[in-house]
Amino acid sequence: MTSASFRVQVVVDLLKKHQVKNIVFSPGSRNAPLVIGFNGDDYFKTKVLVDERSAAFFALGMAQQMEEPVVICSTSGSAVLNYSPAIVEAFYQKIPLIVITADRPPEWVDHGEGQSMKQYKVYENFIAESYNLPMLDHPDALWQTGVMTNEAFHISKLLSKPVHLNFPFREPLYKTELKPSQTGKKITHFKTKKSVSKEELKNLQKNWRQHNKKMIVCGSLQKSSSLNKILIEINKDPSVCILTETTSNLYNESFISCVDRTLERINNHPKFFPEIVITIGNSIISKKLKSLLRKNKPKEHWHVEETNRAQDIFSSLSHFIPVKPEDFFKDFLDGYQYNKDSNFSKDWYLEFEKSEENHLQYLSTCKWSDLKAHNLIQNQLKDKNFNLQMGNSTSVRYIQLFKQQKDLKYNSNRGVSGIDGSSSTAVGAASVTDQLTVLITGDLSFIYDQHALWNKEVPKNLKIIVVNNQGGGIFNIISGPKTTPYSKEFFETRHEISLEKIAATFKINYQKATNEIQAAKYLNNIFVSKDAEIIELFTGNIENENVLNDYFRNIKKD
Ligand SMILES: Cc1ncc(C[n+]2csc(CCOP(=O)(O)OP(=O)(O)O)c2C)c(N)n1
């Protein structure tokens, strides 16, 4: 028996005791003891995906849906670095991942040994904690392995963050003993509930009451019916306007769910500027909102989030309340007084309603384009309880122009907004739910992350919709790229890559629509199909930016 056996047994035993079930491996020799160890116990659900970048995003999608830690496990060397994009995303999106990287014995690192490099703390800037597990066979080393595994689990679970266990192994690698002669001692770590004191709460309530124009801005959050209910109550206060991006997963008819198009009408009119803002949730998508509030700073800005460091997204932060929003607002509602003299909420809502009217009117005659394609997609999603995965770039932004749909669950990799893992995340998300999972993405993003489909079991509940404008359409929309001579080649990067061939390579059903009638028909088909499907909505050369500019001009009309 090798010393690796004992240490692997401790880790396997403890992760089982903490009910961590899902392990996503990528192949290699150095992690063979872990492959043998985890697969030797039927409790674990294991899977192998070759491309570590994609495997890590796949695990991220699983963890995002289950709200539980998922393990990724790789061999040593550059494999470890290929996990990085998903780890950064997990760090900022707050997704629990347990990253186990096999390593060479420490004395062989930096001596020309194959697949060896400095691995300890390799993710240092974007990991909640890094551990170098010991190489020894001594009982103290096994005890230390256990302590580190317990701690890694707790940090990942309680902070909802990625953690890194670097695990060195000496050869032989394939002789791991499965019989558990070693177990680990489970340490139970209690979750505490934070709250502000009664006195502080009273001061905050008093402070809040003094303002006539209050705003709550909701960034990305997991669906929470309790938070939703509380915010509906607070929104009964006529002085409170609640802005929800789709990623907040908060829904009510009285919330302003289309921020960009409402702001287009508001157009810097001071009557709409809030005096006080509360932010909850992660990253805010709307650039218009960020620039409005950075320019016209509220007198106060409170950020409510159970974390150590507040985001100061509008560079106006005055209060940081490190409490879970549900818990904070529940206490805040106690003895809440409405400000009946304010019209703030109504003023905003009227503009939102008017923007909705203009939006519907414009789309009824809108020509075939990215905007129209998104319109058709949203029509098909009405009254569905699907899980939506929104690709970055224009996909997630177009979707914000459509009223939030109550029963959809909205996810997007907005932690660092990469285009490198949306498809893999969607495949991982689909693999742990029976819900239909719909990925809406751009062509470059889809081509980039095509290894998402390099998977023996692409889930049948996965439906991928690619809006193909043959390049990075975003670079035609944002101001800047087009003012250079490099726009088409260096920003938009136009291409003629066949999505059909990608679909064929991975043997996934595929259809292509090049006009509105085909698109409506095929979209309808994919939701009834019992297989994984890719549908390409080809908009090609159409000047999508002109359509979008025209749309916004129409939104402004009275
Ligand atoms: C990993 C990564 N590389 C580069 C970027 C910069 N980037 C942002 S959007 C974009 C183009 C995306 O094109 P596509 O997926 O076709 O979407 P569209 O803009 O057409 O909606 C690029 C390259 C990024 N966000 N992430």
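**Reading the ligand shell, helix pairs and domains**

Me: How many residues of the shell around the ligand are nonpolar, how many polar and how many charged?

Reply: The shell around the ligand splits into three nonpolar, eleven polar and two charged residues. Keep in mind that this is a predicted model.

Me: Okay, and which residues of that shell are closest to the ligand?

Reply: Of the 16 residues that surround the ligand, the closest are Thr394, Gly442, Ser445, Gly472 and Gly473.

Me: Which helices each supply at least two residues of the shell around the ligand, and which gives the most?

Reply: Look at helix 14 (394-399) and helix 16 (443-448), as each supplies at least two. Helix 16 gives the most, with three residues.

Me: Let's move on to helix packing. What describes two packed helices?

Reply: Two things: the angle between their axes and the distance between those axes. Helix 13 passes helix 20 in a right-handed crossing.

Me: Which residues make that contact between helix 13 and helix 20?

Reply: From helix 13 you have Lys372, Ala373, Leu376, Ile377 and Gln380, and from helix 20 there are Glu516, Ala519, Ala520, Leu523, Asn524 and Phe527. Sorted by class, that contact has seven nonpolar, two polar and two charged residues.

Me: Now take helix 12 and helix 21. At what angle do their axes cross?

Reply: At roughly 135°, with the axes of helix 12 (residues 344-365) and helix 21 (residues 544-555) coming within 8 Å. Angles over 145 degrees would count as roughly antiparallel, so helix 12 and helix 21 are oblique to each other. Their crossing is right-handed.

Me: And which residues meet there, in helix 12 and in helix 21?

Reply: Ser355, Asn358, His359 and Tyr362 on helix 12 meet Tyr551, Asn554 and Ile555 on helix 21.

Me: Zooming out, into which domains is the protein chain divided?

Reply: There's domain 1 (3-168), domain 2 (198-349) and domain 3 (366-555). The C-alpha centres of domain 2 and domain 3 lie 30 Å apart.

Me: How many residues of domain 2 are in contact with domain 3?

Reply: 19 residues of domain 2 are in contact with 15 residues of domain 3. On the domain 2 side, helix 9 (residues 259-266) gives the most, with five residues. That side of domain 2 divides into four nonpolar, nine polar and six charged residues.

Technical notes. Residues numbered from 1 in each chain as written. Predicted model: local features only at pLDDT ≥ 70, side-chain atom pairs only at ≥ 80, totals over all residues. Axes fitted to C-alpha atoms, helices over the stretch in contact; angles between N-to-C directions. Helix = DSSP H or I, 4+ residues; strand = E, 2+ residues; numbered from the N terminus. Parallel < 35°, antiparallel > 145°, perpendicular 65-115°, else oblique. Left-handed = near helix turned anticlockwise from the far one by under 90°. Contact = placed C-beta atoms within 7 Å. Near = placed C-beta within 6 Å. Nonpolar A, V, L, I, M, F, W, Y, C, P; charged D, E, K, R; others polar. Domains from an automatic or database assignment.
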